[in-house]
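Visitor: Before we look at any details, could you walk me through how to read the features of a model like this one?

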Amino acid sequence: MIFIALGANLATSRYGPPQHGLEAALRSLEAHGVSLIRRSNWYRSAPYPAADQPMYVNGVAEVETALSPAALVAVLLDMELAFGRRRGARNAAREMDLDLIDFDGQTLDRAADESGPAVRLPHPRLGQRAFVLLPLAEIAPNWRHPENGLHIDDLIAALPEGQEIERLDT
């Protein structure tokens with residue numbers, strides 16, 4: 001199973017509010033050779049780490065593709081740009097954030113080079129973030145972390161305190 005985390009807390013110029021931009025990103029995956037299998041509900045979450053910026057909308061999607069992990073990350077980075085993201089300061093507000101969090105349980109730490117972007121699998125911080133784990137648990141309730149084998153329920157129980165998150169009715 002392949003999972004992508006989606007998030008945004010700024011409107012896009014074309015689609016408007018963050019949730020609309022994220023839904024448009026999901027619709028556009030097919031044009032890039034990526035099929036949407038299912039997605040979680042949307043969640044509203046406070047920036048993590050805490051920051052003075054708007055609340056985020058987050059979700060997780062299960063996808064299918066013949067692309068390699070590096071090729072999929074390249075597609076996701078291109079989509080972020082197309083939706084208006086300009087990389088600046090770490091953890092800055094953004095129009096679009098698309099992260100490959102798990103690719104068929106692979107573990108991978110590949111540096112960027114002329115053939116493609118850097119890829120770390122599973123995503124290095126997914127186990128610390130409620131805005132990834134809660135939506136992931138919705139669509140993959142038996143998921144286990146590829147590196148440490150921990151069940152998603154155990155990861156959720158061990159989340160650091162202070163992560164404000166609520167499921168949106170979508």
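Predicted model: local features only at pLDDT ≥ 70, side-chain atom pairs only at ≥ 80, totals over all residues.

Visitor: What radius of gyration does the protein have, and what would a compact globule have?

Guide: A compact globule with 170 residues would have a radius of gyration near 15 Å, and because the protein has 15 Å, the two agree. Along its principal axes the C-alpha trace spans about 40 × 35 × 30 Å, and buried residues make up 46% of the 170 residues.

Visitor: Which residues have the most contacts inside the largest nonpolar core?

Guide: The general idea is that nonpolar side chains tend to be buried together in soluble globular proteins. In this model the largest nonpolar core has 28 residues, and those with the most contacts inside it are Leu6 and Leu100. At least two residues of this core come from each of strand S1 (2-8), helix H1 (18-28), strand S4 (56-65), helix H2 (69-82), S5 and S7, and H2 gives the most, with six residues. Setting aside residues up to four places away in sequence, Leu100 touches Ile2, Phe3, Pro69, Leu72, Val73, Leu76, Leu121 and His123. A second, separate core has 17 residues, including Phe3, Leu126, Ala130 and Phe131.

Visitor: Which residues of H1 are buried, and what covers them?

Guide: The buried residues of H1 are Pro18, Gly21, Leu22, Ala24, Ala25 and Leu26, and their cover includes S1, strand S2 (34-39), S4 and H2.

Visitor: How many of the residues of H3 are buried?

Guide: Helix H3 is mostly covered, with eight of its 10 residues buried, and these are Ala130, Phe131, Val132, Leu133, Pro135, Leu136, Ala137 and Ile139.

Visitor: Is Ala5 buried or exposed, and which residues does Ala5 touch?

Guide: Ala5 is found in strand S1, and Ala5 counts as buried because its relative accessibility is 8%, where the cut-off for buried is under 20%. Not counting residues up to four places away in sequence, Ala5 touches Gly59, Val60, Asp97, Leu98, Asp99, Ile101 and Val132. Ala5 and Leu136 are 131 residues apart in sequence, and their C-alpha atoms are 8.3 Å apart in space.

Visitor: Is Ala157 buried or exposed?

Guide: Ala157 has its place in helix H4 (residues 152-157), and Ala157 is exposed because its relative accessible area is 68%, where exposed means over 50%. Ala157 and Ala130 are 27 residues apart in sequence and 9.9 Å apart in space, C-alpha to C-alpha.

Visitor: How many cavities of 30 Å³ or more does a search of the whole structure find, and what lines the largest cavity?

Guide: In general, rolling a probe the size of a water molecule over the atoms shows where empty space is left. Here a search of the whole structure finds one cavity of 30 Å³ or more, and about 30 Å³ of space lies in the largest cavity. Its lining is formed by Ile4, Leu6, Ala25, Leu26, Leu29, Leu76, Met79 and Leu98, which divide into eight nonpolar, no polar and no charged residues. S1, H1 and H2 each supply at least two residues of this lining.

Visitor: Turning to the backbone, which peptide bond is cis, and where does Pro122 lie?

Guide: The bond from Leu121 to Pro122 is cis, with omega near -10°, and Pro122 lies in the loop between strand S7 (119-121) and helix H3 (130-139).

Visitor: What is the phi of Asp104, and where does Asp104 lie?

Guide: Asp104 has a positive phi of about 55° although it is not a glycine, and Asp104 lies in the loop between strand S5 (97-103) and strand S6 (108-110). Because its relative accessibility is 47%, Asp104 counts as partly exposed.

Terms used. Residues numbered from 1 in each chain as written. Heavy atoms only, no water. Helix = DSSP H or I, 4+ residues; strand = E, 2+ residues; numbered from the N terminus. Buried < 20%, exposed > 50% of the residue type's maximum accessible area, 1.4 Å probe, protein only. Core = buried A, V, L, I, M, F, W, Y, C linked by side-chain atoms within 4.5 Å. Contact = heavy atoms within 4.5 Å. 1 Å grid on protein atoms, 1.4 Å probe; cavity = no way out; pocket = protein on both sides within 12 Å on 5 of 7 lines; lining within 4 Å. Points joined across faces, edges and corners; volume = space filled by probe spheres on them. Nonpolar A, V, L, I, M, F, W, Y, C, P; charged D, E, K, R; others polar. Rg over C-alpha atoms; globule rule 2.2 N^0.38 Å.
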